[in-house]
2 protein chains.
Amino acid sequence: MKKGIRVAVDAMGGDFAPGNEIEGAVLALNSNSSLKIVLVGNKSEIESKLRTFNNSYTNIEIVNSTEVITMNDSPTEAFKSKPDSSLNVSLELMKRNEVDAIVSAGNTGAVLTHSVLKLGRINGVGRPTIGSLFPTQRRMTMVFDIGASVDCKPVHLVEYAKMGSIFFEHVFKIPNPKIGLLNVGEEDSKGNDLTIETNGLLKSSGLNFIGNIEGRDVLKGDVDIIVCDGFVGNVILKFAEGVLDLLKAKFKEFASTSVLNKIRMGMAYGTLKNIMKDFDYQEYGGVPLLGVNGVVIIGHGKSSPLALKNMIIRAVNVVQNEVNLKIKNAFSLNKQNKENQ
Amino acid sequence: MKKGIRVAVDAMGGDFAPGNEIEGAVLALNSNSSLKIVLVGNKSEIESKLRTFNNSYTNIEIVNSTEVITMNDSPTEAFKSKPDSSLNVSLELMKRNEVDAIVSAGNTGAVLTHSVLKLGRINGVGRPTIGSLFPTQRRMTMVFDIGASVDCKPVHLVEYAKMGSIFFEHVFKIPNPKIGLLNVGEEDSKGNDLTIETNGLLKSSGLNFIGNIEGRDVLKGDVDIIVCDGFVGNVILKFAEGVLDLLKAKFKEFASTSVLNKIRMGMAYGTLKNIMKDFDYQEYGGVPLLGVNGVVIIGHGKSSPLALKNMIIRAVNVVQNEVNLKIKNAFSLNKQNKENQ
């Protein structure tokens, strides 16, 4: 195991920053003592929060930054107007090779835009992508893209499949992961212009493409990786959250109808909570941004300390398994093959 | 109330045809005695099934057809190769004005294709659309389109909003229904090429457009009608089914872990079933195909007798409220306005 992996935490990013970010960093250090964490943000605020923890951590460093990107900031404007944001400073550290990875629970659009502009795309990658894990009836399935690009071309979906395969194979240790294309029908001829053409490209890609899958199949767990346009992926990711919100509201409503129903729901609640936990993607430790020259793990704005801890651990895994190097090699090989043809 | 509305039932369409179709027709007649039902399909099979019901129904007619479109048939091929299908004969009856509406739980693609080819589009409508009801935290929301067209242009989404508004206003009696555009962000500038342009068109459409909504908001019930490309609508409709499948599987898995958990789930199950019922779109009586010259209500292949009954009642409502006449008027008015400009 490579020692001393250095992770920068965008300490001002999330809705509960810097508290959850700092607590998450401490949790990560408790579980992996060889780790080095750089907390980027308002130094005095971070120092005062850090003092509330009993231990003194020698492998936490603080790098000061004076600006904060909010959830409402426009990503491109923030890139111009807030050069000293905690996000930008974190990326700057990665660019200078002072850290190996960054994690951020901040404005997702800003993390994406800043990462692409600051780090650049891996040679041969047309569109970087963000993947997200979905719970299924069997195992975890990862959906690419969940919103990095909203007007994808067929070749981009193939890139997602290729990068996703590498991530899955090396981070989750599942060789030759199965890939499905999200579509409106199983037959090759079904779909819109994008999916019909992508289906053909995936078939001849050399990847383990098992064919089209429908919305109903996303959570079945028959495939490891699902590729789709970022618009569609974003809609279903958020829609899944909406289904859970609705269920919770319905449970509450049901409990309010009578004392007996309240008792019934009270008895069922622990069970339900346990089951719904599987849907809580915060447990899974953020989502990777693949295709840029650096390791970037993105979390939900509402990320808990546990989620942030898991994001940091995920970042370490991605660095240790040299995912980016493998993506680089695969895309340069691809380029060479094309040139040789 | 207009008397004697005539509804053709594609008796060979669904997965449990003709049994559920016939039982659904009987249930509908029991609740509305002024109704006339034409069961279209294998006459002897239908007659023998009908005899199992005690009452003799004078307002059921049977029209024989010799061919059946299966769920695996290609819609366009079936249109050519099976002219005497129960679906085609039902549509023929509507075309000859021998019935006022048809309902079918058969192959959705075939119902769509046959309806458009046989009945034609309403003048001014570029793309007919299928809408589906989703349960929400407040009231029912209807999503257009759920798969009639998978490569929509902005003008088509505006057509969906317009037809959906008329349907909602006259069938559900909600004046000036609120319309949301499904998107990846709330701001007008967010989205893909399709949604950014559609946003602008909807703003100047004179409809009650409240703006973009995200995946998470679909089930909140803040809007009456949600418009989106049929690809996206189809994916989220089926994905919602997949979420329920997953929850059921998780409940079962949880119950199997220990006797105590089995007892817990046993106590919770009635409650859960009650709550999940809201998600069962079979209760809602099928989905309308809007924009063709005729009233067509489409059901899930697995439609229960209750679902088929509700589809027939929905068809009656659409006929009684002259939804198609109102769509025709709105689209011809629109055309006139354009010509006068």
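Two strands pair if DSSP finds at least two bridges between them. Helices (H or I, at least four residues) and strands (E, at least two) are DSSP runs, numbered from the N terminus. This is a predicted model: local features need pLDDT of at least 70, side-chain atom pairs count only at pLDDT 80 or more, and totals for chains, interfaces and linings use all residues. Residues are numbered from 1 along each chain as its sequence is written, chains are lettered from A and ligands numbered from 1 in the order in which they are written, and side-chain values use heavy atoms, with hydrogens and water left out.

**Exercise 1.** Find the bridge partner of B:Thr129 in E10(B).

*Solution.* Start with the strands: E5 (residues 129-134) of chain B pairs with E10(B) in the antiparallel sense, over two bridges. Now look along E10(B): the partner of B:Thr129 there is B:Leu290.

**Exercise 2.** Work out which way the residues of strand E10 (residues 287-290) of chain B point, and whether they are buried or exposed.

*Solution.* First, the directions: B:Val287 and B:Leu289 point one way, while B:Pro288 and B:Leu290 point the other way. Next, the accessibility: all of them are buried (under 20% relative accessible area; exposed is over 50%, partly exposed in between, with a 1.4 Å probe and protein chains only).

**Exercise 3.** Describe the hairpin of E10(B) and E11(B).

*Solution.* E10(B) pairs with strand E11 (residues 295-298) of chain B in the antiparallel sense, over three bridges. Within this pairing, B:Leu289 stands opposite B:Val296. Finally, the hairpin has four residues between the strands, and B:Gly291 takes a positive phi near 110°.

**Exercise 4.** Give the strand order of the open sheet in chain A, and find its edges.

*Solution.* The order of the eleven strands is E3-E2-E1-E4-E11-E10-E5-E6-E9-E7-E8, with mixed pairing. Strand E3 (60-64) and strand E8 (209-213) of chain A each have a single partner strand, so one side of each is left without a neighbour in the sheet.

**Exercise 5.** Relate chain B to chain A.

*Solution.* Copies are superposed by least squares on the C-alpha atoms of residues with pLDDT of at least 70 in both. A rotation of 180° with 0.0 Å of shift along its axis places chain B on chain A, with an RMSD of 0.0 Å. That is the relation of a two-fold axis.
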